Amino acid sequence: MSTRAGRRLARPGHSRWYGRRVPTEDAPRYGPPDALRSPRYAGVKTFARCPLVESPEDVDVAVLGIPFDTATTNRPGARFGPEAIRSASIVLRPYNPVQDALVFGELSVADLGDLSVTPGNAEKTVGQIAEQLEPIVRSGARTLCLGGDHLVVLGELRAYAAVHGPLGLVLLDAHADVWDVYVGERYYHGSPFRRALEEGLLDPSRSLLAGMRGSLYGPGDAAMPTDLGFEVITCEELVALTPEAYGARVRARVGDGPLFLSFDIDVLDPAFAPGTGTPEAGGLQTREALGFVRALRGLAFSGYDVVEVSPPYDGPGQPTAVAAANIAFELLTLDVLARGDSG
Ligand code: MN
Ligand code: MN
């Protein structure tokens with residue numbers, strides 16, 4: 001996290017594209033420009049109109065795109081997810097009224113662009129992701145990665161575990177993503193959390209997976225994540241919980257220690273998020289998902305992602321990308337609330 005002293009080194013007017021921030025003593029170095037000076041749709045599309053920078057210096061949360069989708073098994077297109085989420089995110093304002101958090105007033109948030117990936121080579125891409133993220137994680141910044149199909153999380157977890165040790169996982173997803181092999185492939189978007197367990201990146205006893213639903217290959221499949229040591233709240237159970245009850249379940253499970261939050265957009269119903277790789281009927285409304293994420297306030301996550309947004313399958317008005325951008329805003333809000341306003 002950047003220090004107040006670091007923030008005083010702020011160079012207002014860092015980019016002609018992004019306008020100037022109000023140069024007060026206490027302002028974080030990076031954040032969106034003042035929309036009362038330049039409209040929110042103007043400029044090159046970065047996440048929430050935050051500046052595009054190369055270094056995580058003085059960055060509290062680095063937003064990165066991971067434009068990779070050749071580990072999907074059904075609909076492709078998530079390689080364009082980062083671009084769509086960035087475009088939808090321009091409508092974000094600095095303040096979260098539900099959580100009473102001035103997100104972009106407290107956090108220094110920058111867009112660090114897209115990671116390099118290798119289309120068609122999932123295993124190599126996971127290694128590339130880990131290699132590129134680890135120095136950012138070591139810098140002390142948290143990362144918020146925009147997928148990309150869900151295999152990208154394996155690279156993220158490698159980077160985080162290398163710095164912090166095994167992580168607890170809070171997953172919101174229609175799928176547990178703990179399958180083993182699919183048409184001969186071990187690295188695909190249905191297997192990242194099994195691979196992560198095998199590599200010792202996750203502590204399943206501190207992990208809670210929620211939102212699972214949909215048809216399976218056989219009667220034993222539903223028990224697969226719990227057999228591996230994870231706790232599961234199916235979608236049917238989740239919708240019967242209040243957000244507060246869900247938050248209490250998570251807190252009771254994760255205890256103390258490093259945590260990662262992964263949000264697969266397919267936890268939403270396809271009516272609300274059609275633009276995704278593996279849609280499952282009977283999911284959450286966008287409003288419900290926002291409520292469940294907000295209920296995690298107070299938990300300090302080391303890293304976050306929002307994955308599986310596939311713009312070619314999105315609907316008019318891009319509801320999937322809009323939902324993803326707003327979920328990302330709620331994740332940034334959690335980061336503010338977990339760390340107070342000390343900067
Ligand atoms: Mn997933
Ligand atoms: Mn999923």
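Where is D100 found? In this predicted model, D100 sits in the loop between β2 (95-96) and β3 (101-102).

Most residues other than glycine have a negative phi, and most peptide bonds are trans. D100 has a positive phi of about 50° although it is not a glycine. D100 counts as exposed because it has 9 C-beta neighbours inside 10 Å, and the cut-off for that class is 12 or fewer.

D177, also not a glycine, has a positive phi of about 55°. This residue is placed in the loop between β6 (168-172) and α6. D177 has 26 C-beta neighbours inside 10 Å and therefore counts as buried; the cut-off for buried is 20 or more.

A further backbone feature is the cis peptide bond from G147 to G148, with omega near 10°. G148 belongs to the loop between β5 and α5.

## Helix α5 and its surroundings

Helix α5 covers residues 152-164, 13 residues in total. From its first C-alpha to its last, α5 reaches 19 Å, close to the 18 Å expected at 1.5 Å a residue. After α5 comes G165, with a positive phi near 90°.

Of the 13 residues of α5, 10 are buried, so the helix is largely enclosed by the rest of the structure. The buried residues of α5 are V152, V153, L154, G155, E156, L157, R158, A159, Y160 and A161. Their cover includes the strands β1 (61-66), β5 (142-147), β9 (259-264) and β10 (303-307), together with the helices α4 (122-138) and α6 (192-198).

## Packing of α4 on α5

The axes of α4 and α5 are 7 Å apart and the packing angle is about 40°. That makes α4 oblique to α5. The crossing of α4 with α5 is right-handed.

On the α4 side, the contact is formed by V126, I129, A130, L133, E134, V137 and R138; these meet V152, L154, G155, E156, R158, A159, Y160, A162 and V163 in α5. By class, the residues of this contact are 11 nonpolar, one polar and four charged.

## Packing of α10 on α11

Helix α10 (residues 286-294) packs with helix α11 (residues 319-339) at an angle of about 15°, and their axes are 10 Å apart. The two helices are therefore roughly parallel to each other. Their crossing is right-handed.

T286, A289, L290, V293 and R294 in α10 meet A323, N326, I327, E330 and L331 in α11. This contact of α10 with α11 has six nonpolar, two polar and two charged residues.

Conventions: Residues numbered from 1 in each chain as written. Chains lettered and ligands numbered in written order. Predicted model: local features only at pLDDT ≥ 70, side-chain atom pairs only at ≥ 80, totals over all residues. Axes fitted to C-alpha atoms, helices over the stretch in contact; angles between N-to-C directions. Helix = DSSP H or I, 4+ residues; strand = E, 2+ residues; numbered from the N terminus. Parallel < 35°, antiparallel > 145°, perpendicular 65-115°, else oblique. Left-handed = near helix turned anticlockwise from the far one by under 90°. Contact = placed C-beta atoms within 7 Å. Nonpolar A, V, L, I, M, F, W, Y, C, P; charged D, E, K, R; others polar. Expected span 1.5 Å × (residues − 1).
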